Amino acid sequence: MQGRPHIQPRDFPRPPVRKYAGSREDAARWVRDVLRNQILDGAFGGLSAARPALPPESTLAAELGVSRNAIREALNLLRKEGLITRVQGAGTFVTGAKLRQNINRLEGLAESLAGHHLPVDNKVLSVRESTATPFVAGKLAIEEGSPILFVERLRSVGGVPLSLETTSIRAEAIPKLINADLAGNDVFDLIERELGVSLGWAEITVESVLADNPTARFLDVRPASPLLLLHRLTYLEDGTPFDLEAIRYRGDRFSLTTSLPRTRL
């Protein structure tokens with residue numbers, strides 16, 4: 001009696017199954033890092049997506065070669081970071097999507113985020129003529145007590161508060177910028193367009209700080225939440241220090257990126 005012909009499965013040969021070599025705890029941390037990077041890169045949507053969702057646990061487990069228990073532990077770690085939330089019967093959604101600003105080039109926030117197709121909303125909290133403190137005077141190379149233009153703005157993207165910035169600009173800017181449209185433009189753009197000068201370069205320092213109570217209210221975060229504090233001193237092309245900024249970014253909504261070449265000494 002002739003046997004039935006052996007028919008190979010449709011997907012034969014099967015691709016090798018990925019399997020994480022390590023403990024479940026190690027696998028969970030690894031998955032956490034993989035998903036965290038994907039979330040921050042916008043793989044599941046970002047601020048422009050109403051409900052950016054992660055794939056089901058079974059799909060993630062198959063793709064990453066780990067158990068569903070490891071996936072659940074990784075998702076729990078991400079929830080504790082505030083990056084995702086679980087909606088019963090609906091799935092797991094990104095709540096901590098971040099925007100990234102590249103600091104390889106000297107540019108304002110709206111200019112930097114133009115590719116995201118998200119409008120930057122500026123709420124002007126203060127714009128006035130002020131006097132330079134010893135710190136500001138030293139940075140801007142002017143006499144202590146000299147007049148400066150002081151600007152404070154709350155900046156939001158996609159309806160989400162993103163940064164609180166204070167700016168001190170040399171007195172040459174006062175006549176042109178004190179009544180300028182600071183709600184609709186980057187300060188850099190106004191300086192070059194209204195004053196007819198060119199910006200050259202900036203010195204930047206970034207550090208981690210905790211939100212004080214007033215800043216927390218503006219940025220809609222809890223007091224003592226982590227913030228990125230960027231100090232930026234911008235020079236004109238002729239070397240004049242012209243614009244001194246302190247920008248506090250929400251740590252859960254924003255990151256700064258750059259690329260560094262390796263040079264031989």
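**A sheet, its helix and a helical group**

An open sheet of six strands runs in the order β4-β5-β6-β9-β8-β7, with antiparallel pairing. The model is predicted: local features need pLDDT of at least 70, side-chain atom pairs count only at pLDDT 80 or more, and totals for chains, interfaces and linings use all residues. Residues are numbered from 1 along each chain as its sequence is written, and side-chain values use heavy atoms, with hydrogens and water left out. Strands (E, at least two residues) and helices (H or I, at least four) are DSSP runs, numbered from the N terminus. Two strands pair if DSSP finds at least two bridges between them.

The edges of the sheet are β4 (120–131) and β7 (199–210); each has a single partner strand, so one side of each is left without a neighbour in the sheet. On average, neighbouring strands of this sheet are turned by 15 degrees against each other, direction ignored. Within the sheet, strand β6 (residues 160–170) and strand β9 (residues 241–250) run antiparallel and are joined by seven bridges. Thr-167 has Glu-245 in β9 as its bridge partner.

Helix α7 (residues 187–195) lies across β5 (147–157), β6, β7, β8 (226–236) and β9, and runs at about 155 degrees to β9. Contact here means heavy atoms within 4.5 Å. Axes are lines fitted to C-alpha atoms, for helices over the stretch in contact, and angles run from 0 to 180 degrees between N-to-C directions.

Aromatic rings come next. A pair of aromatic rings is described by the distance of the centres and the angle of the planes. Rings of Phe, Tyr and Trp (its six-membered ring) pair if their centres lie within 6.5 Å; planes under 30 degrees apart count as stacked, over 60 as edge-to-face and the rest as tilted. The structure holds two aromatic pairs. One of them, Trp-201 with Tyr-235, is stacked, at 5.1 Å centre to centre and 15 degrees between the planes. Trp-201 belongs to strand β7 and Tyr-235 to strand β8, so the pair ties together parts that are 34 residues apart in sequence.

Now to the helices. The axes of helix α1 (residues 24–40) and helix α3 (residues 68–81) come within 8 Å and cross at roughly 55 degrees. That makes α1 oblique to α3; angles under 35 degrees count as roughly parallel, over 145 as roughly antiparallel, 65 to 115 as roughly perpendicular and the rest as oblique. By class, the contact of α1 with α3 has eleven nonpolar, one polar and six charged residues. Ala, Val, Leu, Ile, Met, Phe, Trp, Tyr, Cys and Pro count as nonpolar, Asp, Glu, Lys and Arg as charged, and the others, Gly among them, as polar.

Helix α2 (residues 57–64) also packs with α3, at an angle of about 110 degrees and with the axes 9 Å apart. The two helices α2 and α3 are therefore roughly perpendicular to each other.

Strands β1 (residues 84–87) and β2 (residues 91–94) run antiparallel, joined by four bridges. Val-87 stands opposite Gly-91 in β2, and Ile-84 stands opposite Val-94 in β2. This hairpin has three residues between the strands, and Gly-89 takes a positive phi near 80 degrees.
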